[in-house]
Amino acid sequence: MNASFIDMSAHAGSSLESLNEWVAQVAALTRPDAVHWCDGSDAENDALTAAMQADGTLIKLNEETHPGSWLHRSDPQDVARVEHLTFVCTTERDDAGPNNHWMAPADAHARIDALFDGCMRGRTLYVIPYCMGPIDSPLSRCGVEITDSPYVVANMRIMTRMGAPALARIEREGHFVKGLHSTGELDPDRRFIMHFPEELAIKSYGSGYGGNALLGKKCHALRIASHQARTEGWLAEHMLILGLENPQGETHYIAAAFPSACGKTNLAMLIPPEGYLKDGWKVTTVGDDICWMRPGGDGRLYAINPEAGFFGVAPGTSKKSNPNALASIQYNTIFTNVGLTADNQPWWEGLGEGAPVTDWRGEPYNAAKRPAAHPNSRFTVSARQCPSYSPESENPVGVPISAIVFGGRRPSLVPLVFEARDWTHGVLIGAAMGSETTAAATGAVGVMRRDPMAMKPFCGYNFADYFSHWLDFDNGNNKLPKIFHVNWFRRGAEGDFLWPGFGENLRVLEWMIGRVKGTAGAVETPIGNLPTASDLNLEGVALSAEAVEKLFGFERAGWQEEFASIGEYLEEYGPRMPQALKDEQRRIAAQLQD
Ligand code: OXD
Ligand code: MN
């Protein structure tokens, strides 16, 4: 090992001792050629990207059109999260719940440590101290990722507050989440993503893909944090956070949970329709993927975005669908698995301009063979580059949430929007969420599955306990947000989308805030309060008669079936499922029979 890279003396004798010890233990196990403590500086990033350019890990993009931007091509077998290889390792199997794959901690450590044994020979071990959330926020939490991937270091630098300030906070606090990662051989048969919530530890081997390898994101900020949040009385959620400012200058913050690749980034960066823009409506972006919330002194839920960047899905991002995202990724961006134009610009399906000559695997583009960009190709970019970036993202107190929204891809039955009658009903709506699967995880795409609160792949403990935790927030002291459900993906008889979506979704958000303020109308139904078409401002939106019927209608027979299926789903969790949720399901199922 090259001792000159190990700067242990700098941290010796401080409360960083346990960090030093852990790094030394990991180095003894993985046997790297060198150890590098990341400071997050520009100079460090420049050196790393230059080395990655030299060895082909990064390809420089057109410097004139996309200054400071890179393309990374991953191993073709390593392009998405791997839910079947992702484990939550708690002492008791039931604590992980039927929603997780489980392994006993000792077995899991033994299995994955055997893979880590000597895996960093010939490589550098990078130590990445990071903070999830504003560096000075009491809601933030720190972690340290050890990795042998400079690509991971470059991405973590964008996605988290990484480097010296995080290390200083860790030194102050004396505790942190330990994440150990190696790309290993990138062999899908030697790949595991393991979580040890009771030890606040993560071990990930054999993948360089974002959700498996940038351990601050899904592994820490959702799986481990959801466990921490339960014990500490807060919520770690798979939600965007946006600010909606009306012409009177009043801003309401909305948190929304949609499953992966179902439009969180688009909604978070929404540009209002023309007429709304003229009237002075504005949407600002606090976060596009993860939300940590806890009750403030006034009983309202205050939210921070623990991330500092966006790891967004590239395909479908265009001037029309998400101009803010497109503007954000014109410079200082890392693209992963997109195609290339003849002049070295990034290209993906749905971009709407330019033409690819090279596909994501580096082969000449042939539409008959494969798409130019992988359907789960990504961009990594600092949130600050987004034109709709909200300076409130740095507010250590967080932003007060007025409305929580759940939603999924539901081609049939589920109307455009409805409102929960109260918190318990809202928790049931979240628990019953269903959606078609997407390319963000390996496996079949377009299959309907229950994805409670969009947390199916991310909840670090038993869903039954998670729902109880949600219900506990209704304790008589809290002033909780209203809860809604949306479905932007309802299809007509011809298979066409019935709602225009994108910027037009503002009309639905406006109705929600009207409900929060008590100014917007709705009709009570067993599934919740539904607007009629005239309760929304639909000026300038041409909806067919079929669209109005399906987007604003309530289909009793279909909902009877849906509630029977929701009841069966809740039963899968056995006696740990909170009675209040089962009662709520039965009450609505009975009303549906009336
Ligand atoms: C993501 C995901 O990358 O949910 O955000 O898969
Ligand atoms: Mn996500």
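The largest pocket is lined by 39 residues, and Ala 261, Cys 262, Gly 263, Asn 266 and Arg 409 are the ones nearest its centre. A pocket here is an open set of points on a 1 Å grid over the protein atoms alone, with protein on both sides within 12 Å along at least five of seven lines, and a lining residue has an atom within 4 Å of a point. This is a predicted model, in which local features need pLDDT of at least 70 and side-chain atom pairs count only at pLDDT 80 or more, while totals for chains, interfaces and linings use all residues. Residues are numbered from 1 along each chain as its sequence is written, chains are lettered from A and ligands numbered from 1 in the order in which they are written, and side-chain values use heavy atoms, with hydrogens and water left out.

Helix H8 (216–232), helix H9 (264–268), strand E18 (309–313) and strand E23 (378–382) each give at least two residues to the lining of the largest pocket. H9 contributes the most, with four residues. Helices (H or I, at least four residues) and strands (E, at least two) are DSSP runs, numbered from the N terminus.

What takes up the space of the largest pocket? That space is taken by ligand 1; to sit in a pocket, a molecule needs more than half of its atoms within 2 Å of the grid points. The shell around ligand 1 includes Arg 81, Lys 217, His 238, Asp 289 and Phe 458, where a residue counts as near if one of its heavy atoms lies within 4 Å. By class, this shell has three nonpolar, two polar and five charged residues.

Helix H2 (42–54), helix H5 (150–159) and strand E8 (161–162) are the elements that give it two or more residues, and H2 has the largest share, four residues.

The whole structure also holds three cavities of 30 Å³ or more; a cavity is a set of points where a 1.4 Å probe fits but cannot get out. Nearest the centre of the largest cavity, among 15 lining residues, are Phe 418, Ile 429, Ala 432, Trp 559 and Ile 566. Helix H12 (423–431) and helix H16 (556–571) are the elements that give two or more residues to this lining, with the largest share, four residues, coming from H16.

Here are the volumes and lining classes together.

| Space | Volume | Lining classes |
|---|---|---|
| Largest pocket | about 800 Å³ | 18 nonpolar, 13 polar, eight charged |
| Second largest pocket | about 640 Å³ | eleven nonpolar, eleven polar, seven charged |
| Largest cavity | about 150 Å³ | ten nonpolar, three polar, two charged |

A volume is the space filled by probe spheres set on the points, which are joined across faces, edges and corners. Ala, Val, Leu, Ile, Met, Phe, Trp, Tyr, Cys and Pro count as nonpolar, Asp, Glu, Lys and Arg as charged, and the others, Gly among them, as polar.
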